[in-house]
Amino acid sequence: MRAIVKYRKGKGFVEEREMPEPQITEDEVLIEVKAVSVCGSDIHIYHDEHPNWPPMIMGHELSGVIAETGKRVKNWKKGDRVVTETRTKSCGTCLYCETGKPHICPEKRPLGIGVDGAMAKYVAVPWKLLHRLPPSIKFVEASLCEPLAVCVHGLIERTGINAGDTVLISGPGPIGLICLQLAKAAGAYVLVSGTSRSAGLKLKKALELGADEIIDIGKENVIEKVKKASGGYGADVVVEASGSPFAIKTAFESLRRQGKLCAMGITGKPAAEIPWDTAIFKAPQVTFCFSSSWSSWETGIKMLERKQVNLAKLVTHQLPLAKWQEGFGALQKGKAIKVVLIP
Ligand SMILES: [Zn+2]
Ligand SMILES: [Zn+2]
């Protein structure tokens, strides 16, 4: 089968290759991949700015149909429509695994990052990681269930958001635009900030998806706009989804006292500057977020089925797998929001 492979450590070293079809173990299912979405972390992996263990087939945001089941697989059969968590190789016996958090197990080697992923016709996945895809959800939008689960876990389950909150989302990429929709569903007033470069596509999309205000940081003052929207106090919640040094500093400055910061954006650098004393005197709750829990997948799928979030509107490019370079390029140039590849 044709597959997109990161074949060695370092910047680049990704190509389309002929690879053998995966052989499943007794506890795995073989999924015929219907759609695989390119994640921001795939771009970071391309540039070696995110942990990765090559050689491996890339891709962890997928939807598909079960093509084959291992002998010990329960509750799943050939033809079932599925999406899958990515916590492959979690050990099952450490502090995190034993307390219901296998997604932060240090032994975890995620799909498409530490083991072969879904940028191919088939992928093998342990059956315990599967979630059922309702018939009303199409495969292309379903391939975005992973970032949806990450946002549900980070913003709803871990940070917490209330009706009436004033929320600033910095960074109108896929994570920011999904968090925007979750915040709106939770009853918040939402401002979304982004660079002038993002204004034409991504900030416009934020308005389309229900943002109450958008802020072009090249032209407007974020802190002033947030204060104006919150009676002078500052945001109850800031979602930092850009990873940019300016936005990280602004996030602390935009928060009200004892507000909540939900940190989701990767900087791609070893360290980032934060205004420490401002933070001390504001005493915010800061939650660093990554990965997703079992419950966040179930919640995300329910919300998608009930049309409380729309993932299809984030997909700007749908391309055959062979055109992966075009998709990666469009993302890096800021010309795409979500690129979905069809194997
Ligand atoms: Zn992802
Ligand atoms: Zn573990």
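**Close-up 1. Salt bridges across the predicted model.** A search of the whole structure, which is a predicted model, finds 20 salt bridges. One of them joins the side chains of E61 and K338, with N and O 2.7 Å apart. This pair links distant parts of the chain: E61 belongs to strand β5 and K338 to strand β16 (residues 338-342), 277 residues apart. Are these two residues buried or exposed? E61 has a relative accessibility of 0% and counts as buried, and K338, at 2%, counts as buried as well.

**Close-up 2. R132 and D80 meet in a salt bridge.** The N to O distance between their side chains is 3.3 Å. R132 sits in strand β8 (residues 130-132), while D80 is found in the loop between β5 and β6, and the two are 52 residues apart. Their surroundings are worth a look too. R132 is partly exposed, with 42% relative accessible area; D80 has 8% and is buried, since the cut-off for buried is under 20%.

**Close-up 3. D212 pairs with K184.** Here the closest N and O atoms of the salt bridge are 2.8 Å apart. Elsewhere, R2, E16 and E18 are joined into one network by salt bridges that share partners.

**Close-up 4. The zinc ion (ligand 1) and its four donor residues.** Which residues coordinate this ion? They are C39 through SG, H60 through NE2, and E61 and E146 through OE, at 2.1 to 2.5 Å. Angles of 85 to 162 degrees between the four donor atoms make the arrangement irregular; a tetrahedral label would need all angles between 85 and 135 degrees. Along the chain, the donors follow the spacing C-x20-H-E-x84-E. C39 lies in the loop between β3 (28-37) and α1 (40-46), and E61 in strand β5 (residues 61-69), so this pair ties together parts that are 22 residues apart in sequence. Both C39 and E61 are buried.

**Close-up 5. The zinc ion (ligand 2) and its cysteine donors.** The SG atoms of C91, C94, C97 and C105 coordinate this ion at 2.3 to 2.4 Å. What arrangement do the four donor atoms make? Their angles run from 105 to 114 degrees, which makes the arrangement tetrahedral. In sequence, the donor residues show the spacing C-x2-C-x2-C-x7-C. C94 is in the loop between β6 (81-84) and α2 (95-98), and C105 in the loop between α2 and β7 (122-126), so the pair ties together parts that are eleven residues apart in sequence. C94 and C105 are both buried.

**Close-up 6. A nonpolar patch on the surface.** Four residues make up this patch: L95, Y96, I104 and F290. Together they have about 380 Å² of accessible area. F290 comes from the loop between β14 (285-288) and α10 (294-305). With a relative accessible area of 51%, F290 is exposed, the cut-off being over 50%.

**Close-up 7. An open sheet of three strands.** The strands come in the order β2-β1-β4, and their pairing is antiparallel. The edges are β2 (14-18) and β4 (56-57), each of which pairs on one side only. Five bridges hold the antiparallel pairing of β1 (residues 2-6) with β2. Within that pairing, A3 has R17 in β2 as its bridge partner.

**Close-up 8. Strand β9 and its parallel neighbour β10.** Why is β9 (residues 166-170) described as largely enclosed by the rest of the structure? Because five of its five residues are buried. T166, L168 and S170 point one way from the strand, V167 and I169 the other way. In a regular strand, side chains alternate between the two faces of the sheet. Five bridges join β9 to strand β10 (residues 189-194), and the two run parallel. To find your bearings, look for S170, which stands opposite S193 in β10.

Technical notes. Residues are numbered from 1 along each chain as its sequence is written. Chains are lettered from A and ligands numbered from 1 in the order in which they are written. This is a predicted model: local features need pLDDT of at least 70, side-chain atom pairs count only at pLDDT 80 or more; totals for chains, interfaces and linings use all residues. Side-chain values use heavy atoms; hydrogens and water are left out. Patches are made of residues with over 30% relative accessible area and no salt bridge: like charges are joined within 9 Å, nonpolar side chains (Val, Leu, Ile, Met, Phe, Trp, Tyr) within 5 Å. Accessible areas come from the Shrake-Rupley method with a 1.4 Å probe; for residues, only the protein chains shown count as cover. Helices (H or I, at least four residues) and strands (E, at least two) are DSSP runs, numbered from the N terminus. Buried means under 20% relative accessible area, exposed over 50%, partly exposed in between (1.4 Å probe, protein chains only). Two strands pair if DSSP finds at least two bridges between them. Donors are N, O and S atoms within 2.8 Å of the metal (3.2 Å for Na, K and Ca); water is not among the atoms, so sites may look incomplete. Four donors count as tetrahedral if all angles lie between 85 and 135 degrees; four count as square planar and six as octahedral if opposite donors are over 155 degrees apart and all others between 65 and 115; anything else is irregular.
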